[in-house]
Number of protein chains: 2
Amino acid sequence: MKYSQLLTKTIKSSKKFDSINATYLIKGGFIDQIMSGVYAFLPLGQKVLHKIETIIKEEMDVIGTELFLPSLSPKSFWEKTRRLESVDILMQAGGANEMSRAKNDGEYILNATHEDVITPIAMKFRESYKDFPFAVYQIQTKYRNEERPKSGLLRCREFRMKDLYSFHTSQEDLNSYYEKAKDAYSKVFARLGIGEDTVIALASGGDFTKEYSHEFQTKCETGEDTIFYDKKTKTAYNKEVTPSKAPIFMQKENKLRAIENVKGEGIIGVAELSKFLKIPIEATTKTILFEDDRGGVVAACVRGDYDVNEYKLKRVHKSKVLKLASEKTVKKVTGAQVGYAGPLNLPKDVKLYFDDSTQGRINFECGANKTNFHVINVNFGRDLKKPKEFVDIKTAKEGDCNPKSGEVYEVFKASEVGNIFPLNTKFTDAFGYKYIDNEGMKSDIYMGSYGIGSSRVMGVIVEKFHDDRGIIWPVQVAPFLAHLIVLGDEDGESLYKKLQQSGIDVLFDDRTNVSAGEKFADADLIGCPFRLVVSAKTKGKIEIKKRNEGDITLVSVQEAEDLLKRQVNV
Amino acid sequence: MKYSQLLTKTIKSSKKFDSINATYLIKGGFIDQIMSGVYAFLPLGQKVLHKIETIIKEEMDVIGTELFLPSLSPKSFWEKTRRLESVDILMQAGGANEMSRAKNDGEYILNATHEDVITPIAMKFRESYKDFPFAVYQIQTKYRNEERPKSGLLRCREFRMKDLYSFHTSQEDLNSYYEKAKDAYSKVFARLGIGEDTVIALASGGDFTKEYSHEFQTKCETGEDTIFYDKKTKTAYNKEVTPSKAPIFMQKENKLRAIENVKGEGIIGVAELSKFLKIPIEATTKTILFEDDRGGVVAACVRGDYDVNEYKLKRVHKSKVLKLASEKTVKKVTGAQVGYAGPLNLPKDVKLYFDDSTQGRINFECGANKTNFHVINVNFGRDLKKPKEFVDIKTAKEGDCNPKSGEVYEVFKASEVGNIFPLNTKFTDAFGYKYIDNEGMKSDIYMGSYGIGSSRVMGVIVEKFHDDRGIIWPVQVAPFLAHLIVLGDEDGESLYKKLQQSGIDVLFDDRTNVSAGEKFADADLIGCPFRLVVSAKTKGKIEIKKRNEGDITLVSVQEAEDLLKRQVNV
């Protein structure tokens, strides 16, 4: 393609957008922001998106059958799954003006995901055990009413996604397909050029399952997720669910001191408190009160340098719902304002959990259950019954180890590029979708859901592969394999045609009113893997340079062609 | 692909849906209706849609550059073009529940078309005369709040469309590109298998232009449009804009009779009136009153067997707006209730137009401008001034001729498969988008818009190519080239693999619990171009039958392969 056919021109301003991917993709002319969280894919961007989606499609065809579901669906579908009111990013569509609403005043859901749509369709066609398992997928636009869209293509209100759904007659069959899907996903990310740096991290399974879901996380300095990787067991966890054991807090003193109430009016945060009390943060204790869905109150204690992890606490407490205790409850239970709760002398019906990080300390601090007061020099066994077991209810931190393997985690930032989810019977139950087994009985159907945000992946690739001059596209997803620059009066047109005829996807900068420097800068910004330069200096040959290397080689046209052809079909 | 991978099964019921395409596409398992005007494309349907869109894409790549615009856009874009309130099928999107709206209460347009989106984007990148012309296109989902979705894929609230937009520095350049687009469209329809039966019909240019727009209309008995074709000038018109001259009404009598008021209480329709008065319908006259946007009243008279055509009347009257006169206006102007208007003794400021169909009659009827009364035996020259000119303000009927060529039209039903539209400066003016000419002056930008509804085309193909057993897909868009049926214990699996390896797209009916008759019926319903049957009877050979022919030929596997391979890449 010629530069003049691109619609866009690169943007020269030094303006930076809210992320690296937004900055380079907008300046390079790949995307244009239409409004917050909504982007147009301009010709360069459309080419990259199409390449990404083609790779995804080819690998998904191995494990499922493609279809194309509508973006609009009736509210009744979402009512059945009780998600109409509870999915907090759900959007709807209806007439935009009076005339339109007069013709039809219906309101429809603009699908954020398609479990609620595929389940009732599958029900129409597949009922016998002989019809199982099956899997279908689509590549489509999704809509989510994000509160704060951000980071360019990473969090959008309108975005592209591949979503696959599988249906099974048993948990075991779902599990076995689930492993196949993992393999297919790994192939996708390998082909997209991010395979080496993408790990499968365990994440929350949500309300659907006690098991984990699995996120494909790509190592990336600007990633919004934190991954804890255990080299020994080769297991990665999303921070939110990482099992963790705190390093022991080494105290010099070994003499128990007298317990003491200390007034600290208005002092609540642990940093402020440790300064005020002149003790290390590790000697302080955070006690957070929650209410469960059975009317009970839970007190969760972690060492001051940790945070309580609700996900873990729910599992330990075996409760699907936990919410921060109301001011009223806190007052009733502790007798104090919010901010002064502690484990001492709580009513007996309050369920008390101690994180392992609170273990092994002497003379520690905790809230006094008295407004403005803290207790210091608290000791298990003397002031407080030592709990039968210490549990893991903290959010993991760098330095923690995996309680099972004892291995200290490697911690890195990463960006999610895909996720797979055992939905089990959540959606099939909602629609009353059962299969008929070989004895004529109705039985549960197990479902899995598998997503890759294709436009998001485009953003992650840019976050990962760039330098200070622009994008460095992996060959497989580059908008063009080569960027041809012709300087002076050299004949670019015939070389361009020759390369095209050889099946080489080349972008020919056919501008005549632009300096060499500007053309080089644009080639670096756009980021095609190879730059070809023809000038009076090259005397019939071509200067070839890889985008991610400094070396420039002078080769014959034939050599350039051969080299580039070898890159095709990687 | 194997039948078992399709998700769907054919539906056996005798139920008929609202159109042939809906009936066969739903029963064959190509599509599933999610709600009124919204369909899911199931695996078979997705395959056909993908083939159609690939053909469109390949031809559009010759005349434009692909991009992908978002479905959501800000209301401000549509306000600029004054279409936010006036496009009566426009939809909008926003949060679907309280939690969602609390996070973001924005409302966005769900685009029905993208002129309002591409124009402000193009503005950002292309300003100099050197940047013109250019054309971009996308293949995307569109949303229209249709009052009554109908006819399966032909009129939907959510549908697929290819839309292309071109930008030019002059009307001439737009015209010349417009012809290129016509050629590209003709190639698309030829490759889709409907080229021979698709004509380019002139249609209304809407508010944008005094010229016609152009519709690609495919001959089809169930088509919703009526096309008038003039063989002499090789011009096709959509009924709504067909210039027409009525055949002369031959009257036996030649003596003028005395004018007479006849009471006919409550008799209004011309059929009823002609019966009541015992005169031919052709001797009656319809007089319809309109109000223009300049405060004037227009009386339009056509022969009783015709209807007044507002499109033509607007052009004759040189007014962009005409609306049926209100009851109040009718009463004021005629002195009578609605239904008794006539051309006699109207106030002088009422502009009176006579259609050519009213010419050459004697002793004709018209409304008496008196409630419940009709006048008969009216004659030009005696009772009514003969107009200086008779105009063409009627909707054409079969039997009419082209006033210019004198040729009687061939009339046929057709279904629209594409349209192209000279928008001229309508949208560029709205956004203040001008180009800088070679003297540094700002000048008008001319725009064209070019659409093909890809999902609609799928419906039209089925309306056109079917018999009473099912669909007969053209090779180019068939879901599979061949449908393989294996009877008894023959080995289908290895033949299926062999055909696949030869690059033949084959659907293998791998069901074992289904009768031969059912398999044959399903093959006819699904409509792949070739049916292959292997049974004990065929003794290692294959029975091959074209879907649209009765002959069955017994050939070797190699011969079948060769025959099928010749069909690929048609």
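**Figure 1. Parallel pairing of strand 26 and strand 27 in chain B of the predicted model.** Strand 26, formed by residues 482–486 of chain B, pairs with strand 27 of chain B in the parallel sense, and four bridges join the two. Within this pairing, B:Leu484 has B:Phe508 of strand 27 as its bridge partner. Helix 13 (residues 516–526) of chain B packs on the sheet and touches strand 26, strand 27 and strand 28 (530–534) of chain B. The direction of helix 13 makes about 175° with that of strand 26 of chain B. Helix 14 (residues 557–565) of chain B also packs on the sheet, where strand 26, strand 28, strand 29 (542–546) and strand 30 of chain B are touched. Between the directions of helix 14 and strand 29 of chain B the angle is about 25°.

**Figure 2. The five-stranded open sheet of chain B.** The strands of chain B follow the order 27-26-28-29-30, and their pairing is mixed. Strand 27 (506–509) and strand 30 (552–555) of chain B are the edge strands, each pairing on one side only. On average, neighbouring strands of this sheet are turned by 25° against each other, direction ignored.

**Figure 3. The five-stranded open sheet of chain A.** In chain A the strand order is 27-26-28-29-30, with mixed pairing. Strand 27 (506–509) and strand 30 (552–555) of chain A each have a single partner strand, so one side of each lacks a neighbour in the sheet.

Figure 4. A:Val486 stands opposite A:Val534, a residue of strand 28 of chain A.

**Figure 5. The surroundings of A:Leu110.** A:Leu110 belongs to strand 6 (residues 108–110) of chain A. This residue counts as buried because 28 C-beta neighbours lie inside 10 Å, and the threshold for burial is 20 or more. Beyond its neighbours within four places in sequence, A:Leu110 is in contact with A:Ser71, A:Leu72, A:Met91, A:Gln92, A:Ala93, A:Tyr143 and B:Ala93. From A:Leu110 to A:Ser415 the separation is 305 residues in sequence and 26 Å in space, C-alpha to C-alpha.

Definitions and conventions:
Residues numbered from 1 in each chain as written. Chains lettered and ligands numbered in written order. Predicted model: local features only at pLDDT ≥ 70, side-chain atom pairs only at ≥ 80, totals over all residues. Pairing = 2+ DSSP bridges. Buried ≥ 20, exposed ≤ 12 C-beta atoms within 10 Å, placed from the backbone. Contact = placed C-beta atoms within 7 Å. Axes fitted to C-alpha atoms, helices over the stretch in contact; angles between N-to-C directions.
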